[in-house]
Amino acid sequence: MRWGFIGASNIAERVIPSLRKIAGQELVAVCSRNAARAAQFAAQQGLASAHTDLAEMLALGLDAVYISSTNEQHAGQTLAALDAGCHVLCEKPLAMSLSDAAQMIDRAQAVDRVLATNHHLRASALHGLVRQRVADGAIGRVHGVQVSHAVFLPPHLQGWRIDAPGAGGGVVLDILVHDADLLRFLLQTEPQRITTVTRQHGLGHGTVEDSAMSLIEFDGPGGGILAQTHESFVAQHAATRLHVLGTEGALYAEGSLTQAGGGRLWLRDASGEREIAVPTVDLYEIGCGAFVRACAGDGAPLATGVDGERSMAIALAGLASASSGRSVQID
Ligand code: NDP
């Protein structure tokens, strides 16, 4: 496929080498709002052309675009790319409103193109194993999950994420949206309510939160599942943790909620504690690979547009909860 990149972003620099590992991909062009940045990005990444006009780049006759611009641009850029006949791999959050997300999904269906959301944590071998063990009943009936996804935002990313609500800044749309998707992926069920408290702990400016804790409720047999998530931009030297608690045992992971594709996993049950070996994988290569196959009519992307819409619905309900001080029903 011939690819264009919308957004001369940090994450695109990370995704491009992974995409290059997949056979048959031709990386052609980048579009940025800034001509100098577009030219520099194209030169650094070995792309033949650099653009500031999206229509001009889309006129190159591309097969697919990867959208990693700031969040408020995702919807309009996705619609333009779909209308130009491109498949779209879009970063999370898919959009800034559920109505925009629905429009993106509808348009992809109407023009028969693939729309995928880059929820990279689904590609983790560790998370795949946890999902499998949960589905197999290896830890009995799951009743609780704890997700600690608190990190320190490195200085080069301390831009729109901490001071621009209009661009989708804040830890809820940045990280809770991933945790929401991961919970749906691991548990294979949908949450009903969320209660979120947000704070500023030194990095967020204006109305932008840099820390959040949520309680996410999944209705179901035996009292359903309570999930607790913690997202932060200000947690220095913290390890990420995932703890899935069942009636017969528990799965515990450290270090899997990152871009690195690794982590360690333990199972605890009546026979004691044992570590389960899991390979470290390239999350972006796996995600892009599934997307490429889906574009060729082989299977579905790891996270579809609908998955992106659902993770957004949970995160937006979390923001509504934080501002109202109440539990919010997830749309
Ligand atoms: P960046 O801040 O690196 O890039 C976002 C936009 O900011 C770019 O498209 C670019 O605009 C502009 N920009 C980049 N560098 C500079 C600079 N030095 N000076 C001025 N403007 C600059 O964001 P990220 O790469 O961190 O995130 C982009 C998107 O990807 C977001 O939607 C985010 O949520 C998502 N993301 C997803 C991850 C995942 O693993 N799934 C991980 C990280 C981010 P322009 O293109 O117009 O030049």
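View 1. A nitrogen atom of the ligand lies 2.9 Å from an N or O atom in the side chain of E91. In this predicted model, local features need pLDDT of at least 70 and side-chain atom pairs count only at pLDDT 80 or more, while totals for chains, interfaces and linings use all residues. Side-chain values use heavy atoms, without hydrogens and water, and residues are numbered from 1 along each chain as its sequence is written. An oxygen atom of the ligand is 2.4 Å from a side-chain N or O atom of S32. For H120, the distance from a side-chain N or O atom to an oxygen atom of the ligand is 3.1 Å. The protein covers 81% of the 880 Å² of accessible area that the ligand has on its own (Shrake-Rupley method, 1.4 Å probe).

**View 2. The shell around the ligand.** The ligand is surrounded by 24 residues (a heavy atom within 4 Å). N10, S32, R37, N71 and Y284 are the closest. By class, five residues of the shell are nonpolar, 13 are polar and six are charged; Asp, Glu, Lys and Arg count as charged, and Gly is among the polar ones. At least two shell residues come from each of α1 (10-20), α7 (160-163) and α8 (171-187) (helices are DSSP runs of H or I with at least four residues, strands runs of E with at least two).

**View 3. The ligand between two domains.** Domain 1 (2-113) and domain 2 (121-285 + 312-329) both give residues to the shell, so the ligand lies between them. The domain bounds come from an automatic or database domain assignment.

**View 4. The cis peptide bond at P93.** K92 and P93 are joined by a cis peptide bond with omega of about -15 degrees. P93 belongs to the loop between β5 (87-90) and α5 (98-111).

**View 5. Backbone of D112.** D112 is not a glycine, yet its phi is positive, about 60 degrees. The loop that holds D112 runs between α5 and β6 (115-117).

Notes: Polar contact = N/O pair within 3.5 Å; in protein donor to acceptor, adjacent residues only side chain to side chain.
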